[in-house]
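User: I am new to this structure and would like a quick tour. Please take me through it in short steps.

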There are 2 protein chains.
Amino acid sequence: MGLQVDGDANPTAPQVVVDFQTHPSRYRHWRLSVDGPVATLTMDVDERGGLVPGYELKLNSYDLGVDIELHDAVQRLRFEHPGVRAVVLTGGKEKNFCAGANIRMLASSAHGWKVNFCKFTNETRNAMEDATAHSGQSYLAALNGTAAGGGYELALACEHIMLVDDRSSTVSLPELALLGVLPGTGGLTRVVDKRHVRRDVADYFATRPEGVGGAKAVRWRLVDEVVSRSAWTDTVAGRAAEFAARSPRPGAVRGVELAALAKERTADAISYRYVRATLDRSLGCVDITVRGPDTDAPAAIAGLHERGAAFWTLAMTRELDDLILDLRTNEPELGTWVWRTEGDAARVLAHDALLLEHPDDWLAGEIVHYLKRTLKRLDVTSRSLIALIEPGSCFAGSLLELALAADRSFHLAGVFEEVDPDAEPGAVTVGAMNLGPLPMGNGLTRLATRFAGDADALAAAGATAGRPTLAADAERLGLVTFAPDDIDWAEEVRMAIEERSSYSPDALTGLEANFRFPGPETMETKIFGRLAAWQNWIFHRPNASGPDGALCRFGTGQRADFDRKRV
Amino acid sequence: MGLQVDGDANPTAPQVVVDFQTHPSRYRHWRLSVDGPVATLTMDVDERGGLVPGYELKLNSYDLGVDIELHDAVQRLRFEHPGVRAVVLTGGKEKNFCAGANIRMLASSAHGWKVNFCKFTNETRNAMEDATAHSGQSYLAALNGTAAGGGYELALACEHIMLVDDRSSTVSLPELALLGVLPGTGGLTRVVDKRHVRRDVADYFATRPEGVGGAKAVRWRLVDEVVSRSAWTDTVAGRAAEFAARSPRPGAVRGVELAALAKERTADAISYRYVRATLDRSLGCVDITVRGPDTDAPAAIAGLHERGAAFWTLAMTRELDDLILDLRTNEPELGTWVWRTEGDAARVLAHDALLLEHPDDWLAGEIVHYLKRTLKRLDVTSRSLIALIEPGSCFAGSLLELALAADRSFHLAGVFEEVDPDAEPGAVTVGAMNLGPLPMGNGLTRLATRFAGDADALAAAGATAGRPTLAADAERLGLVTFAPDDIDWAEEVRMAIEERSSYSPDALTGLEANFRFPGPETMETKIFGRLAAWQNWIFHRPNASGPDGALCRFGTGQRADFDRKRV
């Protein structure tokens, strides 16, 4: 993880350009080992390896840098290790599995940094659950010592939790009692909604900083089993083997290596092979263009495996994923992302079709699930998303999702007469990718979310599948927001972008978080919507983050001085 | 609405003791008229009638005092006017229906006041929807002029929205663009989840401060119909008659008058006939005792009508409702509410049975729905709720809901040997009231919410219906959290309460808001959980509430100075 530190020794807003690309050979905090169908991910944090100066990562506590490595490992296990069917997550320190997010780091970070950190760690934990649910790669937490706060939340993202029974190791959520904040990575939601801990028991547990261990932890459903130290190694291995045996994942086939992305980053542009972004700091916006495939799709599924990481959908998705993470973390003042595509819609659809016509191919499945996860990142990104559909664009199938994820879309009716009067007008094309394989966190497709409560409109939009739809029809069908013509286009688009930069960034974040998820809620939308919103608020309150608040007073021996008024 | 003003002329934290009791004869801001099956509620705000000094309620804008009158009217229409089947909500000013919550009031209020104000106004709008859904008393918004912000949100709570078509009247949500905050009373949620406005259209609408009128407002589903000025009176009357004709509500039967509550309020106690509260300011808690019925239930339903507002369930519920509102608004520093009951469990159950055995009796229905709404207030109250089950208590049926709503409950195993060794041990009794008629905002009973994801435990608890359950069994069945005996009781209870006062009040609010609603979400839980949390955060940010924020700059001619970083 290369990073430049531009800030001072103890910055309140970390001044680094964070790089989300890494590789197991460069991990400082994790060890990844693979033994047949079982992989082991061992957390062994380098105290002096913090991403930003000013804190030490004691007791296996973590910061964004530690989580970037975890994210990389989770991702590589999907693509590079098709033979791995169970992943044991354990700790490399004595007596202590993981103490959670580093408190000094939290106390010294700016508000936006904390919120973005929680968002990314949440996404990584969701990715572990996604691997378990969809990829036959089950995560088991082998808690070889105490798992506190974020350490226990990491375990909660696993399918099975084992805790060593040594009369001292516990699981706990001490954030409320010790820090005056909430567990920030889904713990409150998973305790009740995933593990079905009774809500009053959960309340007691989450206000008991010393935590719970032994038989009581099992009885309260906080862990699945406690295991004595003497039986530990065998039991963990046995349980991993059991989970592996149940997995539908293929045996020893060859994986796809995720080589480093060809990425160029300058002050005003970020570019990859298929994705490029221009940063407009005066307008506060980013122009992003995603290119379609530059070759035809392979005729048969073997061609997908031959191309591997060079297969357009996978290559483009990796670039998109990295760009989203980069912009979210490093460019918080660029509040609007404007999306364009360029290329051949038929080729996009052909790549989609190859993936979807082979549901039993493990690699095809991994690519679709990865695209799904990447698009989900957009849905929870606190930036205004605007899609522009113009001549030469290819908003079809998988790339149409970018327009469907947008808060607003403009579709040029006709062509730019002054540029190319003979161009083909831009179209949007609904494809199979839009009708199921890429659900949002709420469990619905973006199309179904868009037409929530209007089954007729949804059916009409779905009925266009496979056919390009021009602007007037797209507007009428509700596939796009507006369809201005050449005369109005520049002014309407400019106004939309400028208006967005003139509004309160906070209010926009709240507005978008509410409008993007009409309809049903899931554990995932609760974590990103409800839990995250409460945590944002609490992080911001003087009771947590003020000079006399709990976060700053932690470890000083002084108690926090609370404003006792309930809000 | 009697109120004492203790603060200065322009307080940042209003120093008033707010009284939620009022009567149509004392309304300053609304006129309630009844004409057969149709009532008309006309909003005609007295500019100089603000609850707190320091602002004028111009343009039919509202503050808490205006909404207390609306709440009173909605409530009286249910009980005092069984013949009313449709309620027309309209405005008494020219050209302007309602400008929403008063901005000067918001800008000069403390954070907690704003949040509490939004909570109460949300509850009142939900009560309008509850009347429409469950009582055959449909609300129709007759927008005789522009409905902006909270004015439009008031309309969104109605079943049918009519807007006058005069080329200038619009509906709008200008909060984001003009004030840097969100619409605070459910507008964002209702636009997409109730009216099914497409989310990108909703985004455009909510960033367009001038709003939308005429045919476009209908096309975008923002209103149901636009009506010319000349046809206005007839169309509104006709539509009200249509809704009234569809209602199953009884004809001209006698209503039940809601006479003023006998309430005593001193510095340290609030008492009514069946409910009394002792305020412990040093511990930061309130001891609340609810007494069961002091007479047997009437043998027949006619007896319910004879007793009217004196019928125990109705009388007790009114007192409880008033106490909750009083404590929430006037005693924000008392962060823990400790619940006890005393009386005869059999009488509680007999009162419940009378109500539930007559589902077609309008008054029985109204009482049950009112109890339901009152208990829902508890679920969204930002106070820690602890229930104590002791000898002499009557946590049965409707009163058991208080323990089920609590974050934690303690059930004494046995008796207090030193007090009365011969007492009957306290019991909890599940009754029909716990098994359906009193759902939470998430659509589930408190019992089903408690055992979310554990159908066996829910069935086992339900199987005890009608039988008292003693402490050990209640703990085993999960009906209570803990069952300490006489020796441990005082210490355990004391520690639980003291611990609660030592934690961050904000973190407790977030914790409780998350744990109280496992399982499914509804429009209502989204409004109180997700939307409210985002709004809490936004209200608190300098971009809204700082000296250069949008709320304070509003109306000064100066634009807000935003920190542009997206969070």
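**Strands, helices and rings**

Analyst: This is a predicted model. Start in chain B, where B:Ser271 has B:Arg276 as its bridge partner in β16(B).

User: Over how many bridges do β15(B) and β16(B) pair, and in what sense?

Analyst: Strand β15 of chain B covers residues 269-271. It forms a hairpin with β16(B), with three residues between them. The pairing runs over three bridges and is antiparallel.

User: Which residue takes a positive phi in the hairpin of β16(B) and β17(B)?

Analyst: Strand β17 of chain B, residues 285-291, is joined to β16(B) by six bridges, and the two run antiparallel. Within this pairing, B:Ala277 has B:Ile288 as its bridge partner. Four residues lie between the strands of the hairpin. The one with a positive phi, near 75°, is B:Gly284.

User: What span does helix α9 of chain B reach?

Analyst: Helix α9(B) covers residues 232-246, a run of 15 residues. At 1.5 Å a residue, 21 Å is expected. The span from first C-alpha to last is close to that, at 22 Å.

User: What covers the buried residues of α9(B)?

Analyst: The buried residues are B:Trp232, B:Thr235, B:Val236, B:Arg239, B:Ala240, B:Phe243 and B:Ala244. Strands of chain B lie among their cover. These include β4 (38-43), β6 (86-91), β9 (138-143), β11 (160-165) and β13 (225-228).

User: Which residues have the most contacts inside the largest nonpolar core?

Analyst: That core has 196 residues. On the chain B side, B:Tyr152 touches residues including B:Ile161, B:Val171, B:Leu173, B:Phe205 and B:Leu222. The residues with the most contacts inside the core are A:Tyr152 and B:Tyr152.

User: Is A:Lys376 buried or exposed?

Analyst: A:Lys376 sits in helix α13 of chain A, residues 362-379. Its contacts include A:Pro439, A:Met440, A:Gly441 and A:Arg446. Its side chain also makes a polar contact with that of A:Glu524, at 3.1 Å. Buried means under 20% relative accessible area; at 17%, A:Lys376 counts as buried.

User: How many aromatic pairs does a search of the whole structure find?

Analyst: Ring pairs can reach into clusters, and one cluster links A:Tyr204, A:Trp220, B:Phe410 and B:Phe482. Over all chains, the number of aromatic pairs is 20.

User: Why is the pair of B:Phe416 and B:Trp489 edge-to-face?

Analyst: The ring centres are 6.0 Å apart. Planes over 60 degrees apart count as edge-to-face. The planes of B:Phe416 and B:Trp489 stand at 70°, so the pair is edge-to-face.

User: How many residues apart in sequence are the parts that this pair ties together?

Analyst: B:Trp489 belongs to helix α18 of chain B, residues 486-502, and counts as buried at 5% relative accessibility. B:Phe416 lies in the loop between β21 (408-411) and β22 of chain B, so the pair ties together parts separated in sequence by 73 residues.

Methods
Residues numbered from 1 in each chain as written. Chains lettered and ligands numbered in written order. Predicted model: local features only at pLDDT ≥ 70, side-chain atom pairs only at ≥ 80, totals over all residues. Heavy atoms only, no water. Core = buried A, V, L, I, M, F, W, Y, C linked by side-chain atoms within 4.5 Å. Buried < 20%, exposed > 50% of the residue type's maximum accessible area, 1.4 Å probe, protein only. Contact = heavy atoms within 4.5 Å. Pairing = 2+ DSSP bridges. Polar contact = N/O pair within 3.5 Å; in protein donor to acceptor, adjacent residues only side chain to side chain. Expected span 1.5 Å × (residues − 1). Phe/Tyr/Trp six-rings, centres within 6.5 Å; stacked < 30°, edge-to-face > 60°. Lists of a residue's contacts leave out its neighbours within four places in sequence.
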